[in-house]
Amino acid sequence: MGVVNRSSEPPGTETVAAAVAETAELLEIMFERAREASPRPLSTSQVRAVVALDHHDGLNLRALAELLGSTPPLVSRLCDRLEAVGFVDRLPGTNSRRELTLRLSDRGRAYLRDLRARRRESLGAVLEKLTPEARTALATGLREFREAAEF
């Protein structure tokens, strides 16, 4: 991985941004492996939709498309596939009969629990290699990063 800063000066923003980007790529690989280990692996787009529905229960198609940065027709086909495997339920909307509400099914929630457990297991194996001080510093830095990134 990138250059290690051995001086007493804090690393610059560009150096840290490069290290975070490299780490994000590594996390993507680790998470992709966890996703592929599923008995019924979903595509990355499908996982993103399942996660979005877990965080925002009862979305309509347009709202889900906006969250995913996609179009309603593409998200509709994606939801067709998720519904076919029993991960998503489409229910009549409360405001309009023409609108559908998308909900994560119990099977979809179980898939997501299993996926998250595999991801945590993979991360845990790496974190075990760190010293307790390094884990503490990492946890603190990640918490501050999340707080700074919220918008």
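**Questions on helices, buried faces and salt bridges**

Author: Let us begin with T136, which lies in helix α6. The model is a predicted one.

Reader: Is T136 buried or exposed?

Author: A residue counts as exposed when its relative accessible area is over 50%. For T136 the relative accessibility is 51%. T136 is therefore classed as exposed.

Reader: How far apart in space are T136 and D80?

Author: In sequence, 56 residues separate T136 and D80. In space, the distance from C-alpha to C-alpha is 43 Å.

Reader: What distance do the end C-alpha atoms of helix α4 span?

Author: Helix α4 runs over residues 72-84 and has 13 residues. At 1.5 Å a residue, a span of 18 Å should result. The model agrees with this, since the end C-alpha atoms of α4 are 18 Å apart.

Reader: Which residues of α4 are buried, and how are they arranged around the axis?

Author: The buried residues of α4 are V75, S76, L78, C79 and L82. Viewed down the axis of α4, these buried residues fall within an arc of 165°, so they line one face of the helix.

Reader: Against which elements do the buried residues of α4 pack?

Author: Two of the partners are helices, α2 (44-55) and α3 (61-68). The buried residues of α4 also pack against the strands β1 (88-92) and β2 (100-104).

Reader: Which residues does Q46 contact, leaving aside its neighbours within four places in sequence?

Author: Q46 has its place in helix α2. Its relative accessible area is 10%, so Q46 is buried. With those sequence neighbours left aside, Q46 is in contact with L78, R81 and L82.

Reader: Which residue with a positive phi follows α4?

Author: The phi of this residue is near 85°. The residue that follows α4 is G86.

Reader: What is the N to O distance in the salt bridge between R90 and D80?

Author: The side chains of R90 and D80 meet in a salt bridge, with N and O 2.6 Å apart. This pair links distant parts of the chain, R90 being in strand β1 and D80 in helix α4, 10 residues apart. R90 is partly exposed at 21% relative accessible area, and D80 is partly exposed at 39%.

Reader: How far apart are the closest N and O atoms of D54 and R109?

Author: D54 and R109 form a salt bridge, with their closest N and O atoms 3.3 Å apart. The two residues are 55 residues apart, D54 in helix α2 and R109 in helix α5 (residues 106-127), and the pair links distant parts of the chain. D54 counts as partly exposed at 27% relative accessibility. The distance between the closest N and O atoms is 3.3 Å.

Reader: Which residues are linked with D54 and R109 in a network of salt bridges?

Author: The count of salt bridges in the model comes to 8. Besides D54 and R109, the network links D57, R103 and R116.

Reader: Is R118 buried or exposed?

Author: R118 meets D114 in a salt bridge of 2.0 Å, N to O. Both residues lie in helix α5, 4 residues apart, about one turn of the helix. D114 counts as partly exposed at 36% relative accessibility. R118 has a relative accessible area of 16%, under the 20% cut-off, and is therefore buried.

Reader: Which residues of α5 are buried, and within what arc do they fall?

Author: In α5 the buried residues are G108, Y111, L112, L115, R118 and R119. Seen down the axis of α5, they line one face of the helix, because they fall within an arc of 125°.

Reader: Which exposed residues are carried on the face of α5 turned away from its buried side?

Author: The buried residues of α5 pack against α1 (13-36), α2 and β2. The face turned away from the buried side of α5 carries the exposed residues D106, R113, R120 and E121.

Note on methods
Residues are numbered from 1 along each chain as its sequence is written. This is a predicted model: local features need pLDDT of at least 70, side-chain atom pairs count only at pLDDT 80 or more; totals for chains, interfaces and linings use all residues. Side-chain values use heavy atoms; hydrogens and water are left out. The expected span of a helix is 1.5 Å times one less than its number of residues. Buried means under 20% relative accessible area, exposed over 50%, partly exposed in between (1.4 Å probe, protein chains only). The arc is that of the directions from the helix axis to the C-beta atoms. Contact means heavy atoms within 4.5 Å. A salt bridge is a side-chain nitrogen of Lys or Arg within 4 Å of a carboxyl oxygen of Asp or Glu.
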